[in-house]
Amino acid sequence: MTAPADWPAGWTIRPFAEGDQDAVVALWDACGLLVPWNDPAADIALALSRPSSTILVGTEDDRLVSSVMVGHDGHRGWFYYLAVDPACRGRGYGAAMVAAAERWLADAGMPKAQLLVRETNRRVMAFYERLGYAASPVTMMQKWLKTPSP
Ligand SMILES: CC(C)(COP(=O)(O)OP(=O)(O)OC[C@H]1O[C@@H](n2cnc3c(N)ncnc32)[C@H](O)[C@@H]1OP(=O)(O)O)[C@@H](O)C(=O)NCCC(=O)NCCS
């Protein structure tokens with residue numbers, strides 16, 4: 001992927017590559033995105049195993065500093081694990097990752113992008129609102145089809 005001309009020098013977004021896993025999991029840990037019921041290695045493997053999903057990463061001088069997992073279910077597009085290294089926030093990287101995920105979904109023919117915000121992370125909603133997202137009056141219901149690892 002080519003970076004727009006107004007991005008900082010040395011910053012780029014590309015698909016997840018072999019060898020990125022340790023840096024991505026460390027980034028998710030630093031960003032508070034790891035929870036006991038999600039195995040990050042299994043989540044990465046699953047997202048990369050099908051053409052309907054992928055992981056994009058942002059690098060600064062070859063250092064991995066941001067991520068987003070993006071995919072669709074044939075009806076709507078979703079993204080997960082949006083993360084920017086705490087030392088690199090406020091530079092537009094988060095907005096750039098969302099824009100890259102939106103482009104990926106648009107290219108896949110998806111008319112809408114959706115995401116879930118944990119109740120414990122509601123302050124991130126102001127970031128999404130800044131990017132044109134609005135809260136939706138729906139309740140998510142869920143059921144595990146495979147018991148998560150403890
Ligand atoms: C949310 C996150 C990705 C934002 O990354 P970032 O690189 O700092 O965001 P940007 O610099 O691209 O900010 C884009 C815009 O949102 C605003 N913004 C960023 N964080 C904000 C916040 N917490 N509250 C309000 N506005 C915010 C910025 O000021 C900027 O506005 P501008 O266009 O007027 O300048 C980052 O804080 C993060 O990784 N958080 C922890 C992980 C997380 O919660 N992920 C989302 C899970 S649902």
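1. Let me start with a term used throughout this note: a residue is called buried when its relative accessible area is under 20%, exposed when that area is over 50%, and partly exposed in between, with a 1.4 Å probe and protein chains only. D61 is exposed on this scale, since its relative accessible area is 60%. Please keep in mind that this is a predicted model, in which local features need pLDDT of at least 70, side-chain atom pairs count only at pLDDT 80 or more, and totals for chains, interfaces and linings use all residues. Residues are numbered from 1 along each chain as its sequence is written, and side-chain values use heavy atoms, with hydrogens and water left out.

2. The loop between strand 2 and strand 3 deserves a look. D61 sits there, and its phi is positive at about 50 degrees although D61 is not a glycine. D62 is found in that loop too, with a positive phi near 70 degrees, again in a residue other than glycine. Like D61, D62 counts as exposed; the relative accessible area of D62 is 76%. Strands here are DSSP runs of E with at least two residues, helices are runs of H or I with at least four, and both are numbered from the N terminus.

3. Now to strand 3 itself, which spans residues 63–72 and holds S67. Is S67 buried or exposed? S67 counts as buried because its relative accessibility is 0%. Its side chain reaches the backbone oxygen of Y81 at 2.9 Å. That is a polar contact, meaning a pair of N or O atoms within 3.5 Å; within protein, one must be able to donate a hydrogen and the other to accept it, and residues adjacent in sequence count only if both atoms are side-chain atoms. Leaving out residues up to four places away in sequence, S67 touches L27, W28 and M97, among others, where contact means heavy atoms within 4.5 Å.

4. S66 belongs to strand 3 as well, and S66 is buried with a relative accessible area of 0%. The residues that S66 touches, again not counting those up to four places away in sequence, include W11, L27, G58 and V84.

5. Helix 1 (residues 21–30) has V24, L27 and W28 as its buried residues. Why do these lie on the same side of helix 1? They cover an arc of only 95 degrees around the axis, the arc being that of the directions from the helix axis to the C-beta atoms. The face turned away from this buried side carries the exposed residues D22, D29 and A30. Cover for the buried residues includes helix 2 (40–48), strand 2 (53–60), strand 3 and strand 4. G32 follows helix 1 with a positive phi near 70 degrees.

6. Finally, the ligand: 19 residues surround it, and the closest are L82, G92, A95, N121 and R130. A residue is near a molecule if one of its heavy atoms lies within 4 Å of it. Strand 4 (77–84), helix 3 (93–107) and helix 4 (125–130) each supply at least two residues of this shell, and helix 4 gives the most, with four. The shell divides into twelve nonpolar, four polar and three charged residues.

7. A backbone N or O atom of L82 is 2.8 Å from a ligand nitrogen, while a polar backbone atom of V84 is 2.9 Å from a ligand oxygen. For A95, a backbone N or O atom lies 2.8 Å from an oxygen atom of the ligand.

Definitions and conventions
Nonpolar A, V, L, I, M, F, W, Y, C, P; charged D, E, K, R; others polar.
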